[in-house]
Amino acid sequence: MIKDIDIVLTPEESAVEQLLVKASAKKAGVKQSSVTAVKYLRKSIDARRMDIKINAKVRVYVNEKPESLCPHVEFHDVSAAPSAIVVGAGPAGLFASLTLIERGLRPILIERGKDVHERKRDTALLSTRGLLDPESNYAFGEGGAGAYSDGKLYTRSVKRGNVRKVLELLVQHGADESILYETHPHVGTDKLPIVIENIRNTIIASGGEVHFKSRVIDLIVENGETKGVVLADGREFKGPVILATGHSAKDVYQFLDRHGFVLEAKDTAVGVRLEHPQMVIDQLQYHNPKGRGLYLPPASYSFVTQVENRGVYSFCMCPGGSVIPAATEMGRQAVNGMSSSSRGGKKANSGMVVQIRQEDIKYKDKLGMLRWVEEMEEMAYFEGFKAPAQRMADFVNDKVSSTFPDTTYKPGLVSMRMDDALPKIVADSLREGFKAFDRMSRGGFLTNEALMLASETRTSSPVRIVRDEMMKQGPGLYPAGEGAGYAGGIVSAAVDGTEAAIRLSGEVYGK
Ligand SMILES: Cc1cc2nc3c(=O)[nH]c(=O)nc-3n(C[C@H](O)[C@H](O)[C@H](O)COP(=O)(O)OP(=O)(O)OC[C@H]3O[C@@H](n4cnc5c(N)ncnc54)[C@H](O)[C@@H]3O)c2cc1C
């Protein structure tokens, strides 16, 4: 017999298998000795009160063998099938490739950076010695911008496609089953590379091609139709093209513009990374001066407020994580955050960003927002990607920080007033936003134990490749993912890549 039940657990019951079985058997009204397994179907933490509870739906197996909750997709041999080109091996490109195979097409995946393991050496050089390889870094290389991240898999874009299938395919390729039932699932930077490598192996084993260190510099466009791509080394690949190049590939916008594809400037959000001791966040979120205790995970937060009709919010929070240099060009600074699957580090970081609209900036052309963001990155650049930094309370009280708390950011810090490192509109809005977040957390969030690092600029693409115009402009090109301006985050990019592959299969090959 199998019984699905809703249950409220203590943190200890939710974490200790024996206690989970006991509580579930009692709730299901069956003998504990007859329960062969209990599997979570849904799990979330209710931390609104001191007495923290875990709300869950579980499947209780009574004298039954437990089954896997994740269906297995068979990827068949497509080596003799018609091809489609996928540019960019980030989440959008990887899931576009898997979808093409499912639809009986052969993906040729082209990636400017290195494979996910080789790439790790370059990100380490950037972090420890401030040395940047513009083709292999935290944004470029197999796995894309999501490879060395926190691997948060939460998305609000549930109506845009099959989110569940993306999660299931990640589990099929090595991610933990918990991503199927946690309310805010994450994989962690230590586990993501294995999952990414397994997806690559599926593509190759099915007859697809994967090319690293292969930068696309142009499209082959004949009579308005996209027929293929040209690489920096002169090679050409022919076929319809899914362009999934992410928001840091600015050169791509240049060649699209040259061919006359319709681009438009897009609103974005920029700010800083804010790093607290994880203990402070645990104390605040779990209402306990002792912190999270033995059975609760490192706490996260999500804040949003309006400052003079402008959104100010936390973004991409990484509990137990580190702040990393996410720049892709010399002379331009960008920080971001990542964490491991255990989220076991002593610091919590998150982007703290301010909404920027077209009317806020002086540039009015289609690449204007991109230029404005680049200038912001230039303001915050110091040799070796040292980050402008200021303690949080010092910033609010307009005081230069003479010392810093420990930080996970390895390239080093430069003491600076954030008002000098950020555009005025960003600094002013953040100051008011921080006061509001402190009120929301009933004090303790706005502290000099927290450090601000500039600048957080790669939250979303500042350019959109207008897709409604695509078919009118000529067939054969399918912009997808974050770089196209229609996704933000790992899952939404994967869903968008999937949808692009479905459109291509239908429109070009009738599949
Ligand atoms: C440090 C960090 C942490 C993050 N953490 C999270 C998180 O926890 N959760 C979350 O949801 N999101 C996170 N994000 C955002 C997320 O990674 C992106 O939204 C997502 O990766 C976008 O996917 P994409 O496939 O559209 O583009 P990308 O991931 O940017 O991939 C684009 C790929 O295209 C390649 N490329 C670019 N130009 C060319 C060219 N001309 N020729 C060939 N190849 C090219 C690039 O090298 C890259 O590999 C994080 C981002 C960063 C940088």
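I looked for polar contacts between domain 1 and domain 3 and found two residue pairs, both at pLDDT 80 or more. The model is predicted, so I kept that confidence value in view. I then searched for salt bridges between domain 1 and domain 3; the count is zero.

Next I asked which part of domain 1 touches domain 3. Helix 1 (residues 11-15) gives the most to that side, with three residues.

I checked the domain bounds. Domain 1 covers 2-62, domain 2 covers 83-264 + 462-509, and domain 3 covers 267-456. The centres of domain 1 and domain 3, over C-alpha atoms, lie 37 Å apart. In the contact list I counted 11 residues from domain 1 and six from domain 3.

I looked up the area between domain 1 and domain 3. About 670 Å² is buried, and carbon and sulfur atoms give 75% of that. On the domain 1 side, Ile45, Met50 and Ile52 supply 45% of the area buried against domain 3, more than any other three residues.

I moved on to helix 3, residues 91-102. Its 12 residues reach 17 Å from first C-alpha to last, close to the 16 Å expected.

Is helix 3 mostly covered or mostly open? Mostly covered: 11 of its 12 residues are buried. Among them I noted Pro91, Gly93, Leu94, Phe95, Leu98, Leu100 and Ile101. The cover includes strand 4 (83-87), strand 5 (106-110) and strand 10 (241-243). Helix 5 (163-172), helix 6 (192-205) and helix 14 (490-509) also take part.

Last, I checked what follows helix 3. Glycine 104 does, with a positive phi near 80°.

Terms used
Residues are numbered from 1 along each chain as its sequence is written. This is a predicted model: local features need pLDDT of at least 70, side-chain atom pairs count only at pLDDT 80 or more; totals for chains, interfaces and linings use all residues. Side-chain values use heavy atoms; hydrogens and water are left out. Helices (H or I, at least four residues) and strands (E, at least two) are DSSP runs, numbered from the N terminus. The expected span of a helix is 1.5 Å times one less than its number of residues. Buried means under 20% relative accessible area, exposed over 50%, partly exposed in between (1.4 Å probe, protein chains only). Contact means heavy atoms within 4.5 Å. Domain bounds come from an automatic or database domain assignment. Buried area is the accessible area (1.4 Å probe) that two parts lose on being put together, summed over both. A salt bridge is a side-chain nitrogen of Lys or Arg within 4 Å of a carboxyl oxygen of Asp or Glu. A polar contact is a pair of N or O atoms within 3.5 Å; within protein, one must be able to donate a hydrogen and the other to accept it, and residues adjacent in sequence count only if both atoms are side-chain atoms.
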